[in-house]
Amino acid sequence: TKKRDIFVRQLLTNLIKNGKTTTTPKRAKVLKAEIDTFFADLVKMNKKLEAKDAKRESIRYIKARIFGEDEGKKVLNVLLPKYIESGSTSSFVADYKLGYRVGDGVQKVMLKLI
């Protein structure tokens, strides 16, 4: 489970860094669930707590789930205010089917932040 958790965190960091990522359907399903809970928790945290406490707790939560300081800053300064302003509590990622991989014929899915 530790390897799986690290792998999902790497996928999450990659999606936040680039804004989109291409993977297999099974991994996309896991990553989509992870990113939805990640941003839903952050949005709920910011609505529930005062501004100073919310920022401190958000930073703590982001550091626990994301690798890289630049990606964490992007979540805190760019993505999170956008999602709080829109008022959404789910559906932070859109998935698109891209066809099949050339090497082994596995279906490809692109996940993109909304």
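**A bent helix and a pocket**

Let's start with the bend. Helix H4 bends by about 40 degrees at leucine 79. A proline, proline 81, follows within four residues. Keep in mind that this is a predicted model.

Now the helix as a whole. H4 runs over residues 69-86, which makes 18 residues. From first C-alpha to last, H4 reaches 25 Å, close to the 26 Å expected at 1.5 Å a residue. Just after H4 comes glycine 87, with a positive phi of about 80 degrees.

Which residues of H4 are buried? They are Glu71, Gly72, Val75, Leu76, Leu79, Leu80 and Tyr83. Look at the spacing. An α-helix has 3.6 residues a turn, so residues three or four places apart point the same way. Note that leucine 79, where H4 bends, is on the buried list.

What covers those buried residues? The cover includes helix H1 (2-18), helix H2 (25-48) and helix H3 (51-65). Strand E3 (107-113) is part of the cover too.

The largest pocket has a volume of about 200 Å³. The elements giving two or more residues to its lining are H3 and H4. H4 gives the most, with four residues. The lining is made up of Ile59, Ile62, Lys63, Ile66, Gly68, Glu69, Gly72, Lys73 and Leu76. By type, that is four nonpolar, two polar and three charged residues.

One last link. Gly72 and Leu76 are buried in H4, and both also line the largest pocket.

Methods: Residues numbered from 1 in each chain as written. Predicted model: local features only at pLDDT ≥ 70, side-chain atom pairs only at ≥ 80, totals over all residues. Heavy atoms only, no water. Expected span 1.5 Å × (residues − 1). Bend = angle between axes of the 7 residues up to and from the residue. Buried < 20%, exposed > 50% of the residue type's maximum accessible area, 1.4 Å probe, protein only. Contact = heavy atoms within 4.5 Å. 1 Å grid on protein atoms, 1.4 Å probe; cavity = no way out; pocket = protein on both sides within 12 Å on 5 of 7 lines; lining within 4 Å. Points joined across faces, edges and corners; volume = space filled by probe spheres on them. Nonpolar A, V, L, I, M, F, W, Y, C, P; charged D, E, K, R; others polar.
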